Amino acid sequence: MIFGPFISEKRNLFLRIIGLLSLILAASSCSGQVDKEVRMEKPDGHLLAQQYCTTCHQFTEPDLLPKQSWEFLLTYMGFFLGVVDYSYLEGSSERTMGIIEAREGFVRAAKLLPDQPLISDKQWQALRTYYISNAPEESIPQLPKPIIVEDSSMFAVKPAQYRAEAAIISLVYIDETNGLLLIGDSRAEQFTVLDGDLEFHDRHSAPGVFLVEAEAKNDELYLLNIGDLFAANIGEGFGELQHAKLLGGVYFKLKILLKGLHRPSDFTFADLNNDGVEELLVSSFGDYTGNISIYKRDTDHGGFLPEPQMLSAEPGIVKSEVHDFNEDGLLDIVVLMSAARENVSIFLNQGDGGFLQKIILEQHPSFGYTGLELRDFNDDGLMDLMTLNGDNGDSDPYNTLKRDQGIRIYLNQGDLQFEESYFYPMYGVYGAEVEDFDLDGDLDIAAIAFHPDFYPEKPENFVYLEQTGLLAFAPKTHPATYNGRWLTMDSGDIDSDGDKDIVLGAGYSPVGMMANHQEKFLKLVKEGPPILVLENRLKN
């Protein structure tokens with residue numbers, strides 16, 4: 001079998017990874033619910049798409065994807081309308097057919113496949129024909145951008161005493177306070193600690209634990225376990241918030257503060273009611289359902305109360321941040337939502353425990369949001385937004401290149417109005433860190449791509465955007481980054497010398513690569529490092 005090296009005792013890892021990265025273009029709230037059909041002698045595919053598809057997400061133009069992608073995607077989307085028809089994929093590879101069959105299984109497990117079709121055969125054929133006939137043969141290219149320059153002068157590769165084969169590093173976290181680097185390898189199911197010199201310090205076996213986020217507060221450490229990294233168990237809540245103490249550089253007394261979370265992806269602490277006690281915000285990506293929830297402190301027993309205040313039950317919640325956007329003295333919550341209802345929303349704090357959602361940005365369903373950062377980029381005292389969109393597991397198994405993927409900065413115009421002021425096209429961008437890396441007084445950006453264009457010999461899987469003027473960035477990369485597939489990253493002062501270093505964590509999964517880039521994938525698995533530490537040279 002092609003995926004023989006990656007087969008676990010219980011299930012094929014490839015199918016599990018498809019579960020992680022198949023971010024659906026139809027939200028769980030859709031579930032194929034259409035009140036009535038368009039009835040006409042000669043069905044109009046465009047009108048049908050507007051009626052049926054927009055019940056779940058924004059209208060999607062045919063030119064967003066090439067024909068091959070639409071053939072796969074429409075077969076998948078048909079499940080939500082009760083249509084199971086594989087005939088359009090005849091002649092596809094065994095691998096492609098295995099993936100679409102797995103997706104049918106996911107939809108059935110989520111109970112989102114209607115017992116009877118909600119659309120007639122004639123209408124379904126017309127809808128499909130509209131997309132296929134109007135789609136391009138190949139993906140429309142991205143906008144032009146400055147040529148990326150190889151540069152080893154800013155960062156140097158620093159050797160780390162960490163080895164792992166075919167790693168899936170779901171967590172890298174720099175604990176600046178204690179001078180430690182934390183690493184969570186979800187393939188090995190291990191939690192490893194390196195010291196400030198990147199030498200081995202501590203390791204804990206973590207069976208069934210897949211760490212995705214961490215936050216250190218002095219001698220306390222909070223860890224987020226997604227629980228079901230590859231979405232193998234639809235609708236199940238195996239996620240946890242864990243807590244440990246640090247003594248003599250060693251973590252101990254690990255306990256679970258919250259359990260039953262539905263594939264949580266992010267957490268943050270904030271005092272939302274100005275009572276001097278921080279609440280916990282948890283973003284649960286879920287699968288076909290998800291949520292963004294507030295957990296209050298359990299003042300009697302410690303930890304947090306198990307029943308949260310849920311702000312939204314949409315799937316695909318990626319991340320949340322807090323800031324007082326309307327300057328009323330109360331922290332508001334900005335939330336990044338992916339899946340079908342791709343948007344950035346600000347939940348305005350009403351001061352009585354309630355929050356009012358205001359959608360700031362909304363995008364089409366193949367946008368693929370992956371990251372959010374709050375920074376004042378133009379130093380005007382107003383908090384700006386930076387978004388990333390580069391998820392490429394939502395449409396097909398071919399790593400289809402999408403023209404609008406990249407990094408965007410939206411400047412705050414006041415009164416909750418944001419204006420797109422910078423765009424850096426970047427296929428498959430998956431994470432970014434914003435710091436003044438060169439210590440010149442403005443903000444720079446370092447970013448990774450998990451789904452880059454793999455055809456070039458040197459794929460753009462890492463970029464350092466040095467700000468040279470107001471929202472003018474010079475793109476650079478480090479040649480050592482080519483030999484990895486980067487899933488996670490963090491920045492911080494590892495060596496305590498006053499500048500910010502970068503750590504990249506690799507994720508050697510076959511998703512998006514086996515259809516057209518099998519040899520390159522196998523080479524990465526064999527030769528790629530589990531982590532790459534880029535030491536900032538400015539203070540050396």
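Student: Which are the buried residues of helix 2 (residues 45-52)?

Tutor: G45, L48, A49, Q51 and Y52 are the buried residues of helix 2. Buried means under 20% relative accessible area, exposed over 50%, and partly exposed in between, with a 1.4 Å probe and protein chains only. A helix here is a DSSP run of H or I with at least four residues, a strand a run of E with at least two, both numbered from the N terminus. This is a predicted model, numbered from 1 along each chain as its sequence is written. Local features need pLDDT of at least 70, side-chain atom pairs count only at pLDDT 80 or more, totals for chains, interfaces and linings use all residues, and side-chain values use heavy atoms, without hydrogens and water.

Student: Why do the buried residues of helix 2 line one face of the helix?

Tutor: Seen down the axis, the buried residues of helix 2 fall within an arc of 165 degrees, so they line one face. The arc is that of the directions from the helix axis to the C-beta atoms. Helix 5 (121-134) is included in what covers these residues.

Student: What caps the N-terminal end of helix 2?

Tutor: D44 does: a side-chain oxygen lies 2.9 Å from the backbone nitrogen of H46.

Student: Which residues are buried in helix 6 (residues 518-527)?

Tutor: F521, L524 and V525 are buried in helix 6. They cover an arc of only 100 degrees around the axis, which puts them on the same side of helix 6. On the other side, E519 and K526 are exposed.

Student: Why is strand 25 (residues 462-469) called largely enclosed?

Tutor: Six of its eight residues are buried, so strand 25 is largely enclosed by the rest of the structure.

Student: How do you know that strand 24 (residues 444-449) and strand 25 pair?

Tutor: Two strands pair if DSSP finds at least two bridges between them. Strand 24 and strand 25 have four, in the antiparallel sense. A446 stands opposite Y464 in strand 25.

Student: What do strand 25 and strand 26 form?

Tutor: They form a hairpin, with two residues between them. L471 in the turn has a positive phi of about 55 degrees. Strand 25 and strand 26 (residues 472-477) pair over five antiparallel bridges.

Student: What makes strand 11 (264-270) and strand 14 (309-312) edge strands?

Tutor: The open sheet of four strands has the order 11-12-13-14, with antiparallel pairing. Strand 11 and strand 14 each pair on one side only.

Student: Where does pLDDT stay under 50?

Tutor: Over residues 1-40. pLDDT is the predictor's confidence in each residue, from 0 to 100. Where it is low, the predicted coordinates should not be read in detail. The protein averages a pLDDT of 91.

Note on methods
Contact means heavy atoms within 4.5 Å. A polar contact is a pair of N or O atoms within 3.5 Å; within protein, one must be able to donate a hydrogen and the other to accept it, and residues adjacent in sequence count only if both atoms are side-chain atoms.
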